[in-house]
Amino acid sequence: MTSVAGKSAGQTSLLLAGTDAAPVHESNAAGASPFLFTCDHFGRLLPKKLGDLGLPERELVRHIAWDIGIAGVAERIALLCDAHLVAQRYSRLVIDCNRPPGVASSIPRLSEATVIPGNEALSAEEIATRRREVFDPYHSRIDAVIDERLQQRRPTVLVSLHSFTPVYAGVTRPWHIGTLYHRDTTLPPLLLRALRAEGDLVVGDNEPYAVSDLTDYTIPVHGEARGLVNTGIEIRQDLIEDQSGQQQWAERLARILMEIGALLQAENKI
Ligand SMILES: [Zn+2]
C-alpha cells in the first residue's frame, strides 16, 4: 500500500497539516488485472483545519459525507481481482471528487436537506485550496496511473465504485445495484446482462444516477476522454453496511467482472 502526498515540492499547504492523512489511498498497485478501480467517495475524513464543518457527528457519518460501505467492497474487490485501487480518503463534503470543480455541488452548501455551515461564504482562495490539496492529488494520481498503463500497453478498464442511499429525499429506491455510464457502449451492456442473469437482483440501468459531463468527473475525464472502456457501479448501501455484505458483493462482482474482462481480452476489445 502506498500513499501520495497532497503537496508538490515548494508548495505551502494551507489546508492539510502534517497530522492530516494524505488524500490518496491506494491498494494493490502492482495488481496484474486489466481493471483499474477508483473510489471517489471512499472516505469521510475532514482536514483538522475544517473542524466538523459545523455539523453534528450524526450528519458526518451519513451518506451525504461518503459512500457508506463502498470502502470495504473496494478493498476486497481489488484483492479478489488482483487490481489496482485508487481512492479518496477525504469526505465529499470537503470537495466532491466526482464533480467538475466550480459547479454548485463541488463544495456543497446543501446536501439532501442538510445545510453545511462550513461550506458557506468560502473565499476564492479557500475553494482553490480545497481543490489543490484534496481534489487535484487524487485526479493527478489516477491520470499518472493511466499514463503508465497506456505506456506499457497494458489493457485497462476503468471501473468507478459508488454506493447509494436506499431512501433519498423520502423516496425508496428499488434497485440492488446499478450501472452508470454515458458514452461507453462496450462494458455497460455486458455488465447489465451479467447482473440480470444473476436472477435475484433488481438492476438499475443508469439508475439511480446516470453519468453526465456536468454531474460527474471521474468517468468523463479518466474513462471517456482517455478512450478507456469504463463504467460506474452503484451498490445500495443497506446491502454493504457490514463486512459480510461487503465480502458477498465483492465476491459476486469480482466473479462477474473477471468473466467480462476475459471476454473483452479474447475479443481484442481491450
Ligand atoms: Zn459516490
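Buried means under 20% relative accessible area, exposed means over 50%, and partly exposed is in between, with a 1.4 Å probe and protein chains only. Take Arg183: at 46%, Arg183 counts as partly exposed.

Some ground rules. This is a predicted model, where local features need pLDDT of at least 70, side-chain atom pairs count only at pLDDT 80 or more, and totals for chains, interfaces and linings use all residues. Residues are numbered from 1 along each chain as its sequence is written, and side-chain values use heavy atoms, leaving out hydrogens and water.

Back to Arg183. Its side chain meets Glu224 in a salt bridge, 2.5 Å from N to O. A salt bridge here is a side-chain nitrogen of Lys or Arg within 4 Å of a carboxyl oxygen of Asp or Glu. Glu224 is buried, at 16%. The count comes to 18 salt bridges.

Another one: Asp147 with Arg226, closest N and O atoms 2.4 Å apart. Asp147 lies in helix 3 and Arg226 in the loop between helix 5 and strand 12, so the pair ties together parts 79 residues apart in sequence. Helices (H or I, at least four residues) and strands (E, at least two) are DSSP runs, numbered from the N terminus.

Now the zinc ion. Which protein donors does it have? His41 (ND1), Asp67 (OD) and His162 (ND1), at 2.0 to 2.1 Å. Donors are N, O and S atoms within 2.8 Å of the metal (3.2 Å for Na, K and Ca); water is not among the atoms, so sites may look incomplete. The spacing is H-x25-D-x94-H. His41 is buried at 3%, and His162 is buried at 4%. Asp67 also belongs to a salt-bridge network with Arg92, Asp96 and Arg99.
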